[in-house]
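Work through the exercises below with the model in view. Try each task before you read its solution.

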Amino acid sequence: MNFAPEFLDEIRSRIRVSEIVGKRIKLLKRGNEFLAVCPFHNDTKPSLSIVDDKNFYHCFACGAHGDIIKFTMETEGLNFPETVEKLAAIAGLEMPSQTPEMRLREKRRKTLKDVNEEACKFYEELLWSSVGQDGLFYLKNRGLSENVIKKYRLGFSLGGRHSLKDAMRQKGIDLSLLAEAGLVRVSEQNREHYDYFRNRVMFPISDRRGQVIAFGARTIGESQPKYLNSPETPLFQKGRILYGISQARESSSQQKKIIVTEGYMDVIALAEAGIANAVAPLGTALTEDQINELWRLGKEPFICFDGDEAGLRAAVRAADRALPILKPGHSLCFSMLPPGEDPDDLIKRLGIEAFKDVLTRSISLADFIWDQEFRKRQTNTPERLADFFKRIRGKVKEISDRGVQEAYKDYTEQKIRQVREHLNGFKNTTWGKKSNSGYKEWNRRDLLDSGSSKINTSNVMAMRQKQTILAAFINHPGLIEDFGEALGYLDFVDPFLDKLRLDILDITSMAQGLEVRDIQDHLSQRGYDKEVGGILNSSVLRHAAFARSNASEALAKSGVRELLARIGKYQLEEQLSAAQKVVEEEFNEINWNRLTSLRAALVAVNDSSNVEDVL
């Protein structure tokens with residue numbers, strides 16, 4: 001839906017930015033402005049400035065910038081129309097008038113939501129009544145507390161064919177609405193309406209605002225299917241909705257993390273264990289729409305499907321769906337459960353820490369795709385290995401975004417080089433045959449099992465490049481003058497490296513002309529060890545002469561420029577493009593300064609010359 005600029009301006013004029021931001025984070029009054037710890041990066045001190053007079057917030061550390069509309073969208077996971085509707089209600093404004101057709105359609109949708117809400121209340125009441133004890137016993141036997149049962153509004157449907165229908169009729173709800181909402185069906189034999197859900201535990205399915213739009217249900221008897229969802233309706237398209245989205249939205253917007261499981265009970269079991277930021281698709285493989293919905297809540301959702309063949313196939317389909325729509329900073333992580341277990345089983349057997357350990361050992365989308373392609377077919381001959389290289393390169397070509405595709409290409413080619421280096425270790429070995437110097441069978445396990453240092457390491461090269469850049473800034477503080485702006489705009493993703501990046505920028509901003517020893521002393525005061533988490537270790541700098549303390553300033557500058565261009569050029573280009581659009585929409589000093597700063601950062605990175613001995 002399009003909104004007139006005047007209407008949006010009226011919302012902005014009626015609501016202070018500090019009012020909206022202050023509902024999420026603590027504000028510190030500083031003159032006519034407010035300061036806060038920025039929620040958009042791992043902030044350690046207040047760097048977010050909120051300026052009510054000019055209707056914007058701005059983070060001087062990560063560059064986050066916007067108004068109440070953007071802040072609400074990014075922290076609450078709402079889309080644009082939903083955000084405007086919410087803010088208009090706070091501002092006391094009526095939503096703009098629509099066409100008669102739009103008004104009729106929206107009225108019908110609201111009516112169907114009212115019907116679903118009444119049905120949800122009916123199912124909830126039955127669960128806690130004497131006739132719902134079978135359902136309540138089932139849920140409590142699964143380890144669910146009353147608090148979680150009520151939080152997710154679980155209910156129970158009776159075995160009779162007309163229980164819901166009769167109850168809703170007494171409330172004056174027409175059968176046609178019940179049918180349109182998918183709550184009753186018409187018998188083909190006698191054209192009689194009957195309840196769609198019978199003798200089942202009920203799982204209300206809500207939209208992101210918590211409004212009930214459909215139901216999932218699990219039988220507690222022997223009837224099939226075991227799980228049943230509402231049919232698709234004007235409110236509910238199962239390929240676009242995620243179960244648990246409304247409960248997970250607030251938690252995930254605070255943590256910027258979201259976990260994807262296979263089913264309702266996994267989501268609820270995690271909530272029972274204290275993990276509220278979990279969702280599940282509704283009996284289908286993840287769709288592009290659902291992946292985009294996940295990215296609204298977290299940039300790298302954890303895919304944590306069951307540890308069986310079906311779960312692995314679902315994970316592979318999710319990876320295939322995500323690959324073409326990847327965009328800078330957005331991907332998937334894959335968390336592999338023990339064979340035969342789901343999150344609920346694992347938590348019951350070993351506790352929540354075991355599940356958290358699974359998340360800690362997640363692998364990136366790039367590594368997951370590599371591993372699955374590698375396992376798909378034999379690679380024990382030159383021809384078969386060449387086929388694997390061809391297939392994995394073909395996967396990379398499926399990525400639509402140019403910057404992401406280029407990054408995947410660099411990463412994949414590095415792994416291919418690692419395979420070749422690994423094979424060069426078998427100098428006296430032929431392909432699976434015995435040579436005069438002895439016999440060593442080369443097979444898939446050789447490459448996968450040796451992978452902790454070669455094949456299966458997640459983003460080793462990208463991590464090493466980022467470590468090297470930060471080592472160079474520590475050993476050559478003067479680099480800040482040329483590349484400080486570029487470093488400020490990049491996202492290093494890894495929490496430790498990103499915090500170190502921000503600390504280096506903060507330390508160097510306090511005074512000019514700092515020496516290497518000064519930088520290291522300040523870092524030590526902030527809790528870093530002598531080798532700063534290992535990045536000043538000789539093994540990290542062995543192949544990066546430009547980052548060592550004894551390198552010339554010219555070599556250091558050339559090497560850092562080369563690596564910043566390699567890992568950050570497309571990030572900067574994306575941000576520059578977005579900044580240009582912001583300036584076109586609203587020209588002010590803050591927007592213009594950000595645009596010119598990004599331009600300067602990109603110019604510094606693009607002015608590249610070849611350097612030897614770069615990773």
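**Strands and hairpins**

In the hairpin of strand 3 and strand 4, 4 residues lie between the strands, and N55 has a positive phi near 60°. The model is predicted: local features need pLDDT of at least 70, side-chain atom pairs count only at pLDDT 80 or more, and totals for chains, interfaces and linings use all residues. Residues are numbered from 1 along each chain as its sequence is written, and side-chain values use heavy atoms, without hydrogens and water.

Strands (E, at least two residues) are DSSP runs, numbered from the N terminus. Two strands pair if DSSP finds at least two bridges between them.

**Exercise 1.** Find how many bridges join strand 3 to strand 4, and which residue is the partner of L48.

Step 1. Strand 4 covers residues 56–59. Step 2. Strand 3 and strand 4 run antiparallel, joined by 4 bridges. Step 3. The bridge partner of L48 is C59.

**Exercise 2.** Trace the partners of F34 in strand 2.

Step 1. F34 is the bridge partner of K29. Step 2. F34 also stands opposite I50 in strand 3. Step 3. On strand 2, F34 belongs to the covered face with A36, while E33 and L35 form the uncovered one.

Conventions. Buried < 20%, exposed > 50% of the residue type's maximum accessible area, 1.4 Å probe, protein only.
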